[in-house]
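Biologist: I have a model open and some questions about its geometry. Can we go through them one at a time?

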Amino acid sequence: MRFIENQILPAVALRGLTVFPGSIMHFDVGREKSIRALRHAMAHNMPVFLVTQKDVRKNDPTFEDLYRVGVVSSVKQLLRMPGDNMRCMVEGTFRAGIAEFVSDEPFLSVRVNALPDTKNPRMQDRTEAAARVLKERWQTYASLSPKISEDMTFMVETENDYSHLAENIAENIRMPYQERQKILAERRPYGRLEAMCAFLSHEIGILSIENEIQSKTQESIQKNQKEYYIREQIHALQSELDEDEDPMSEAEKYKEKILALHLAPESEEKLLKEAARLAKQGAGSPEGSVIRTWLDTCLELPWNVTTEERRDVESAAKILDDKFYGMEKVKERILEFLAVRKLNPGLRGQVICLAGPPGTGKTSIGFAIAEATGRKFARVSLGGMRDEADVRGHRKTYIGAMPGRILNAMRLAGSRNPVILLDEIDKMASDFRGDPASAMLEVLDTEQNHAFRDHYLEIPFDLSDVLFIMTANDVGGIPRPLLDRMELIELGSYTDEEKLEIAKRHLLPRQMKRHGLRAANLRIPDEVMRSLITGYTRESGVRNLERTLASVCRKCAKRIAVGEAKSLRLTEGNLETVLGPKRYRDRKKETESQVGVVTGLAWTAVGGEILPVEVNLLPGTGKVELTGNLGSVMKESATAAMSCVRARAEKLGIDPEFYKKYDVHIHFPEGAVPKDGPSAGITIATALVSALTGRAVPGDLAMTGEITIRGRVLAIGGLREKTMAALRNGASRVIIPEENLRDLDEIDPNVRSRLSFIPADTVDVVWENALLPLPEKEREVSDGEKEPEEDRPLVIPEDRTGNGSGLYCRGTGA
């Protein structure tokens with residue numbers, strides 16, 4: 001068999017195979033063109049050109065689909081196989097490259113040229129070094145690969161012909177045909193050795209990882225086999241004791257329970273699918289435990305369990321009246337709900353938010369609502385909740401996964417139409433784990449919660465029949481989208497008369513029962529109870545009042561237990577003996593008029609409070625100092641008040657240059673308490689004018705209102721709580737913005753009857769009603785002055801302030 005340079009040879013395209021020079025290879029041939037090319041070579045005793053095709057998926061490759069470098073080979077044997085296939089044995093002769101594609105019919109024909117090795121004497125040392133590195137890496141590779149024979153290792157170690165070393169290794173290991181083709185196409189021995197070293201380095205890394213994984217897998221398999229053996233022993237023992245339950249029978253029991261619920265198709269299909277998976281799990285399988293827990297949780301939910309609702313409005317009203325005194329808005333809303341449910345049983349559940357100060361009975365009313373409606377009750381505390389999963393649950397794939405608090409409350413209630421109290425909804429927080437307030441949107445949206453999806457269940461659950469009652473102290477802490485889904489009912493502070501009735505009807509009887517006292521053991525007249533309320537408690541709710549009554553009951557119980565007395569009658573005389581000195585002074589005795597001191601009113605999350613404002617004027621350079629732990633809004637109110645007073649200085653008879661000669665110090669007592677808001681505007685302005693003119697402000701006068709630099713008085717919020725604070729602290733008159741007259745109907749009738757309200761639309765009206773006339777002596781001094789108006793000196797009446805705080809400007813006043 002002879003080869004002539006530039007000879008035309010039949011070509012065979014190989015799929016996924018690469019033949020190297022000097023190697024003998026067997027392969028099967030099925031394509032007709034390849035069979036014809038081999039038969040032609042055998043018939044004419046000529047070599048054949050074997051070349052690898054680039055894409056093994058090509059069934060009829062063209063010239064563009066073939067690599068340009070192949071091997072001229074001699075056909076040693078050609079056998080017919082069953083079917084249309086032929087088995088061929090060839091021997092590679094030398095490397096050659098395609099010079100020209102001649103024809104593709106009846107077989108592929110190409111013109112080829114030999115590609116001998118290119119040897120550079122200067123690369124001899126580098127080639128030998130590369131061969132040594134390749135042999136070392138071969139030893140490492142052979143130690144990691146269990147499929148390498150000892151003969152192959154011996155052949156590589158004893159191979160001295162470096163030009164064939166890389167080819168011999170590539171031919172005998174598992175290697176992608178693309179990598180083999182790179183080695184075949186490389187004519188430099190050093191290049192082939194270098195490419196083979198790189199490939200072996202990569203394979204060594206892969207084999208190391210494979211061996212590590214296999215080692216760990218083997219350890220796991222041995223552990224599982226041991227556990228399986230132990231479980232089988234346990235299974236045998238349980239079978240002897242008749243304590244074993246087959247997974248198939250367990251799955252069938254679950255299936256019966258699921259079908260008995262008559263769920264929606266989507267939910268039923270999901271549950272049945274999980275039950276079928278449980279049947280395929282082995283005994284003691286961890287996955288089986290997860291499925292079993294999930295199925296138990298789903299089946300414990302009240303899918304179709306409904307509590308019969310009490311729709312008798314009169315009976316519900318009696319229960320609410322017996323449980324609570326006051327709270328007319330809440331009671332009326334619940335009775336309206338029951339009346340509508342009586343006429344339209346298909347009405348969906350409601351979402352009601354009770355907002356008000358602490359201790360006003362928001363949480364307790366939830367229990368009363370459940371009793372009045374005849375529904376089951378569940379409470380969910382949201383204070384401090386930070387994780388969204390607390391609402392929607394965890395994915396069941398997590399270790400320790402469980403449903404969220406909403407579905408857990410439904411499970412505990414055991415009914416699909418309970419009353420669920422979401423306590424302290426304004427105190428939810430958020431962090432990197434998510435925003436629970438956003439997750440609550442779906443829960444409280446009556447248009448969506450009929451198909452609420454908990455992350456743990458992954459199937460819809462109907463919450464549309466639930467009556468959600470939320471409690472909050474400050475609605476400002478509730479995100480607006482969430483607040484929009486609630487019906488807001490604001491609860492105000494209790495008046496002293498309301499506290500008296502609550503103490504007589506509920507608090508005192510409850511504490512006497514807890515302390516084992518009978519009605520004859522302790523008596524507290526109404527007058528003494530009022531003194532106790534005003535002298536020992538000062539709050540919007542009744543928590544401290546109940547604690548004080550508990551203290552009285554304890555002291556009474558102690559006297560009876562030690563035999564000192566058989567009963568205790570609390571009187572004005574022994575009140576401080578029993579409870580100690582009064583904590584709060586009677587402010588009605590501190591209502592004298594003062595210069596530069598005005599009583600303002602403020603709203604807080606715990607109800608209304610008084611906000612005294614004090615102003616001092618000191619010789620200086622016109623600095624204005626604000627103290628009392630003020631927020632930015634209140635500081636701006638002080639600036640606006642100062643601007644308003646300066647603009648009206650001449651009208652008020654104040655030296656227009658006062659702000660250059662005197663420092664103004666505006667102070668809000670109780671500096672440890674943060675203060676902010678715009679409603680102290682008229683209070684600050686009145687205190688400034690009082691200090692500048694020397695005209696006192698009555699001590700029984702309180703005021704609230706926002707001020708503008710032009711002197712307008714704007715509306716404020718929280719008027720109900722503020723007026724209660726005014727009455728509680730001895731005020732008899734309250735100046736309010738004229739725009740707030742419409743809010744007087746919201747004020748407690750008792751408070752409204754005991755206070756006089758003065759509406760004001762400008763600061764002129766405020767000052768006209770707030771500032772008392774100057775004393776007669778000072779009027780005479782003022783009238784007797786003969787100096788020109790512009791030269792009249794400022795006089796600080798020492799007998800009024802003692803420290804130069806009451807700057808008085810001669811003039812007509814306001």
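Biologist: Leaving aside neighbours within four places in sequence, which residues is Met25 in contact with?

Modeller: First, the basis: this is a predicted model, where local features need pLDDT of at least 70, side-chain atom pairs count only at pLDDT 80 or more, and totals for chains, interfaces and linings use all residues. Residues are numbered from 1 along each chain as its sequence is written, and side-chain values use heavy atoms, with hydrogens and water left out. Contact means heavy atoms within 4.5 Å. On that basis, Met25 touches Thr18, Val19, Cys88, Met89 and Val90.

Biologist: Is Met25 buried or exposed?

Modeller: Met25 is found in strand S2, residues 24-29. Strands are DSSP runs of E with at least two residues, helices are runs of H or I with at least four, and both are numbered from the N terminus. Buried means under 20% relative accessible area, exposed over 50%, and partly exposed in between, with a 1.4 Å probe and protein chains only. At a relative accessible area of 14%, Met25 is buried.

Biologist: What is the angle between H10 and H12?

Modeller: H10 covers residues 313-323 and H12 covers residues 362-373. Axes are lines fitted to C-alpha atoms, for helices over the stretch in contact, and angles run from 0 to 180 degrees between N-to-C directions. The two axes are 8 Å apart, and the angle is about 155°.

Biologist: How are H10 and H12 oriented to each other?

Modeller: Angles under 35 degrees count as roughly parallel, over 145 as roughly antiparallel, 65 to 115 as roughly perpendicular and the rest as oblique. The angle here is about 155°. H10 and H12 are therefore roughly antiparallel.

Biologist: Which residues make that contact?

Modeller: H12 contributes Ala368, Ile369, Glu371 and Ala372. From H10 come Ala316, Ile319, Leu320 and Lys323.

Biologist: What is the omega of the cis peptide bond at Pro106?

Modeller: Pro106 is found in the loop between strand S5 (86-103) and strand S6 (108-114). The cis bond joins Glu105 and Pro106, with omega about -5°.

Biologist: What is the phi of His262?

Modeller: His262 is found in the loop between helix H7 (247-261) and helix H8 (265-280). At 65% relative accessibility, His262 counts as exposed. His262 is not a glycine, yet its phi is positive, about 55°.

Biologist: And what is the phi of Glu458?

Modeller: Glu458 is found in the loop between strand S10 (452-453) and strand S11 (460-461). Glu458 counts as partly exposed, at 30% relative accessibility. Glu458 is not a glycine, and its positive phi is about 65°.
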